[in-house]
Amino acid sequence: MVWPSPGVNALMARSPLYPSDPLHAEHLGSYPLLALALDHRPGRNRWVLRFTMGWTVALGPSSPWGWWDSREGWGDTAVKQCPFPTALTWLIILMSVTVTTITGLSISAISTNGKVKSGGTYFLISRSLGPELGGSIGLIFAFANAVAVAMHTVGFAETVRDLLQEHNSLIVDPTNDIRIIGVITVTVLLGISLAGMEWEAKAQILFFLVILVSFINYLVGTVIPATAEKQAKGFFSYRADIFAQNFVPNWRGPEGSFFGLFSIFFPSATGILAGANISGDLKDPAVAIPKGTLMAIFWTTMSYLVLSATIGACVVRDASGSLNDSVAVGSPGCEGLACSFGWNFTACAQQQSCRYGLSNYYQSMSMVSGFGPLITAGIFGATLSSALACLVSAPKVFQCLCKDQLYPLIGFFGKGYGRNSEPIRGYMLTYVIAVGFILIAELNAIAPIISNFFLCSYALINFSCFHASITNSPGWRPSFRYYSKWAALFGAAVSVVIMFLLTWWAALIAFGIVIFLLGYVLYKKPDVNWGSSMQASSYNMALNYSVGLSEVDEHIKNYRPQCLVLTGPPNFRPALVDFVGTFTKNLSLMLCGNVLIGPWKQKMPESWLMADGHTKWLMKRKIKAFYTDVVAEDLRSGVQMLIQAAGLGKMRPNILVLGYKRNWRTASPQSLEDYVGILQYGHTGSSTSWGHWHLLVAPLMAAVTRAGSSWAESAPSINCLLLPPSSDAFDFKYGVCLMRMKEGLNVSRVLQAHVNPTFEAAEHPENGTGSRTAPGTAVDPTTLASEQQASTIFQSKQGKKTIDIYWLFDDGGLTLLIPYLLGRKKRWGKCKIRVFVGGQINRMDEERKAIVSLLSKFRLGFHEVHILPDINQKPRPEHIKRFDELIAPFRLNDGFKDEATVNEMRQGCPWKISDEEVDKNRAKSLRQVRLNEILRDYSRDAALIAITPPIGRKGRCPSSLYMAWLETLSQDLRPPIILTRGNQENVLTFYCQ
C-alpha cells in the first residue's frame with residue numbers, strides 16, 4: 001500500500017515553501033507497485049480492474065491496457081537522493097521487485113488452492129498456517145490499513161495546505177488546516193464507501209484517469225525542447241552524456257549507503273495485497289488474483305525503470321536556476337557537464353549551494369513535465385485512491401476476523417448489511433481510527449511500524465506457501481504451478497531482513513505484537529479446523545518420529561508406563577482418567593479404551609458418532625490421551641482386541657489399567673468370568689507363599705545390595721519366585737493396575753448417559769441391577785464435550801498426606817515406579833511416600849537398612865521404610881467370619897460328593913468354589929483378611945495406597961474366590977487403593993548403562 005507521511009511531498013510536487021532538505025529522505029512516502037485483480041462481473045460488458053492503489057478501471061473486455069502510477073518521484077527516488085547511479089537504482093528496483101514477485105507467486109499459489117472467500121490476506125494466511133499466525137496478522141493488517149487511510153489522507157491534506165499557503169489562504173494555521181482538510185476528506189471517502197462498491201469503483205476510475213494523464217504529461221514533457229528557464233534548472237531533454245554521468249555513483253554526505261537508499265525505496269513496493277484484500281468482491285478470485293497481481297507487478301516494474309531512466313537522462317545533478325549562468329560553449333573556467341550545453345554551474349556545485357538539479361530539487365518531475373499542475377492532480381488522485389482502497393480493505397479483512405471469533409470483544413463489528421454483507425460497523429471503526437490519527441497530524445513515528453506490519457504479511461504469505469509445499473499434504477494442489485517452495489522461503493527470509501533494514505526498532509515492535517497475539521490464540525485454542533499446513537506438519541513430524549522410534553532398541557532406563565485404560569466412555573470414570581492422566585502427562589502414552597458390546601451393525605454408528613465427542617471431552621479436561629473403541633460380542637474378547645491392536649510401533653501400551661468391579665456379587669456369571677479372566681494368572685507349578693516372602697526376597701535383596709549387583713542382573717534369581725503368568729494381560733506382557741475408590745468410579749448414573757452394561761453396568765452393588773439404556777441411544781458429541789466436568793480427588797492438592805506403598809512382591813519395580821511418578825506432580829508433591837515390606841521381628845533393623853539401601857540406589861527418594869513383622873499373624877475371628885459369609889453364596893458345598901458329581905457340578909458353574917479349593921487356598925484367603933487389617937491400621941489417613949494384588953491361578957482359583965480376595969483386601973478403606981503388578985520385566989535400575 002502507500003502511506004504518504006508529512007514528508008511524502010519530498011518526492012511529489014512541492015511548493016517553494018518547502019526547503020530542499022535532504023533529511024526529508026527519511027520520511028519518504030511509499031509508492032506501491034500496482035496490484036490488480038480482474039473480475040468479470042455477470043450482466044456487465046466490462047472488466048473491473050482492482051489496483052493496489054485502490055484504482056478501479058472499467059474497460060471493454062478486449063482492451064489492452066497498461067497500468068502506471070504517475071505520481072512524481074517514482075523512478076527518481078534513489079537517483080536524486082544519493083545522487084545514486086542509475087544502474088544501482090535499477091538494482092534497487094529489481095531487488096524490491098524480486099521480493100514482491102516472489103510474494104505475488106506465493107499469493108497466486110495459495111489463492112488457487114481452493115475457493116477463496118472474503119478476508120483477503122487474513123483469509124489466505126489463516127487458512128494456510130492456522131488461526132494462531134493468521135489471527136495475529138489479520139488484526140495488525142486490518143489496523144495497518146486503517147492507519148494507512150489516515151496517512152494517505154494527510155498526504156493529500158498537506159498538498160492542499162501547501163497550495164492554500166502559497167496563495168496566503170490558510171484556514172487557521174498550517175497544522176490545524178491539515179486536520180480540518182483531512183477529516184473532511186476521509187468523511188467524504190467514507191460516504192463513497194458506504195454508498196457501495198459501484199460508487200467506489202467509479203471514484204477509482206476517476207482517480208486512475210487523473211493519474212494516467214499525469215503520467216503521460218510527464219513523458220510528454222521529457223521530449224519537449226527545454227526552455228531557458230528549465231535549462232537553468234538543469235533540464236536539457238534527452239542527452240546520452242547526462243545519462244552516462246548519472247549512471248555512476250557520486251556519494252554525498254557521511255550517511256549515504258546502498259541499504260540506506262534501499263530502505264527508502266522499498267516501501268514503494270509494499271502494496272501488492274490490495275487486490276487480494278477484496279477477494280470477497282471478486283467472482284473468481286482464483287483467476288483474478290494471480291493474473292491481476294502479476295500483471296500489475298510487471299507493468300509497474302517497467303514504469304519504475306522507465307521513470308528512473310528518463311529522469312536520469314534529462315536532468316544534470318547540480319544547477320543554480322539563474323538565467324545569468326549561461327555561457328558560451330567551451331568557456332574557460334567552466335567545470336561540469338552543463339558547460340557543454342552552455343551553462344556554468346561551477347560555483348554553486350563547488351560550494352554545494354545549488355538549489356536545482358537532480359540532486360537538490362525535489363520538484364524535478366514537475367519541472368520536466370509539460371504542465372506542472374497536472375502533477376499536483378496526480379498527487380491528489382494517488383493519495384485519495386490509496387486512502388479509499390485502504391478504507392475498503394480494512395473493514396473487509398476485519399469483518400472476516402470478527403466472524404472467526406479468535407479474539408474477544410470484536411464480534412460486534414463482524415455483522416454485515418445488505419446483499420453483499422457490507423461491514424458497516426467495520427467502516428465506522430476504520431473511520432474513527434483514521435480520524436484519530438489524522439488529528440495527531442504527525443504520523444512519521446507510526447509509519448515505520450505500519451510498513452513492518454505489511455512486511456510481516458509478506459513474510460507469512462511466503463512462509464505459508466513454503467510450509468504448505470514442504471509438508472507434502474495431498475490437499476495442497478494449487479492450480480497455479482509457477483511457484484517454488486524454496487523461492488517462497490527466500491522471500492519470507494528477505495522480508496524479515498528488510499524489516500530490520502527499514503527500521504530495526506519498528507521491526508522489534510511488530511514482532512512483539514505478533515508474538516503477543518500469537519500467544520493469546522495459542523492459550524485460548526479456538527475451536528476451528530481449517531485444514532492448515534500446521535496440521536499437516538504435525539502429522540509428518542509424528543509419523544517420522546514414530547518410524548524413527550521403531551529403530552531404537554528398548555532400554556530399561558527409557559522405560560515409560562504406557563497405559564491402556566479401560567474407561568468405557570471416559571466421562572463415566574473421570575477418577576480413573578485423572579489418576580492415569582496425572583502420572584502420564586508429558587511423560588508417556590495414555591490410551592482410553594472402550595468396548596462396545598453388541599452387534600457390529602448396531603454399535604458401529606454409535607462408535608463413529610461418539611469417538612470425536614470423547615476426544616473433545618478429554619481435551620477439555622486437559623488430559624493428554626487418545627480414545628479408541630472396539631465392537632465385540634463380550635468384554636473379554638473386546639479387551640483382547642484392544643491389547644493386541646492398540647498403539648503404533650514402539651508407542652504401544654505396556655500397562656492395563658481398569659477399575660474395580662464393585663457389583664461382582666450381583667453381576668452375571670459370564671461377565672464375572674470375563675473380568676477375572678483379564679486379571680487372573682495361570683500356571684501348573686507351585687507358587688511361593690506370601691508368608692515366606694520375607695524369608696527369601698528380603699535377604700536376597702540385601703545380598704544384592706551388599707554385592708553391588710544391578711537390579712536387572714539379579715532379576716532371574718528373584719523372578720524365579722513368581723512363575724511366568726498366563727492370562728489375557730500378562731500373555732501380552734502387560735502389567736496390570738486395578739483401582740478402587742470407596743465411593744466408586746462410575747458416575748454414569750449422574751450423567752444419565754449410555755453405559756456399557758457388560759463392562760460395569762452399575763458401580764453400586766446394593767442395587768443389584770445394572771442401568772441399561774435402549775439399544776442405539778447415545779449422547780450427541782457436542783453435548784458430551786460441553787457437559788459439566790465432574791471433580792475428583794486427583795484434581796485437588798493433597799497437602800502433607802502420605803502415599804503408602806505395600807511392596808510385598810517383586811514385580812520388576814512397577815509398584816514403586818507409579819507412586820514415584822505421581823509424587824513428582826505438583827498436586828502430590830508435598831505427600832510423603834512410605835514403603836511397607838514384610839519381615840521378621842528379630843531382624844527388623846537389618847531388613848530396614850537393606851531396603852533403604854536398595855531404594856537409594858534406585859534414586860527414588862523414598863526414605864521412610866516400615867517393616868511389618870506381624871504380617872503373618874492370624875486375623876481377627878469376626879473378619880474371618882465376614883470372609884466366609886462373603887464366599888458362602890458361591891460355594892458348591894461338595895464335601896461328601898464323589899469326584900464325578902463334583903466335576904459335573906463344576907462344568908455348569910465354573911465360577912463356584914469347591915470345598916477342596918477353599919481348603920487349599922485357606923492360607924492365602926486369611927492373608928488377604930490380615931492385609932486388610934494392616935491397611936486399615938497403618939493407612940487410614942493416607943492419600944493413596946499402592947499394593948501388590950494376590951495371584952489367582954487359572955484352574956486353581958475360581959473367579960468368585962479371586963474377586964472375594966480383592967474385595968476383602970480393599971474393603972472399608974477411605975483412601976483410593978491401586979493394586980499394581982508388573983509383568984516381571986524390570987522397570988528400575990541403578991546402573992547408568
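**Contacts and salt bridges**

Leaving aside residues up to four places away in sequence, Thr503 touches Pro448 and Asn452, where contact means heavy atoms within 4.5 Å. This is a predicted model, in which local features need pLDDT of at least 70 and side-chain atom pairs count only at pLDDT 80 or more, while totals for chains, interfaces and linings use all residues. Residues are numbered from 1 along each chain as its sequence is written, and side-chain values use heavy atoms, with hydrogens and water left out.

Thr503 sits in the loop between α17 (485-502) and α18 (504-524), with helices (H or I, at least four residues) and strands (E, at least two) taken as DSSP runs numbered from the N terminus. Thr503 is buried, at a relative accessible area of 15%; buried means under 20%, exposed over 50%, and partly exposed in between, with a 1.4 Å probe and protein chains only.

Turning to charge, a salt bridge is a side-chain nitrogen of Lys or Arg within 4 Å of a carboxyl oxygen of Asp or Glu, and the count by this rule is 18. One of them joins Lys396 and Glu422 at 3.5 Å, N to O. Lys396 belongs to helix α14 (residues 372-404) and Glu422 to the loop between α14 and α15 (424-440), so the pair ties together parts 26 residues apart in sequence. Both Lys396 and Glu422 are buried.

Asp612 and Lys616 also form a salt bridge, at 3.3 Å, N to O, and both lie in helix α21 (residues 600-620), four residues apart.
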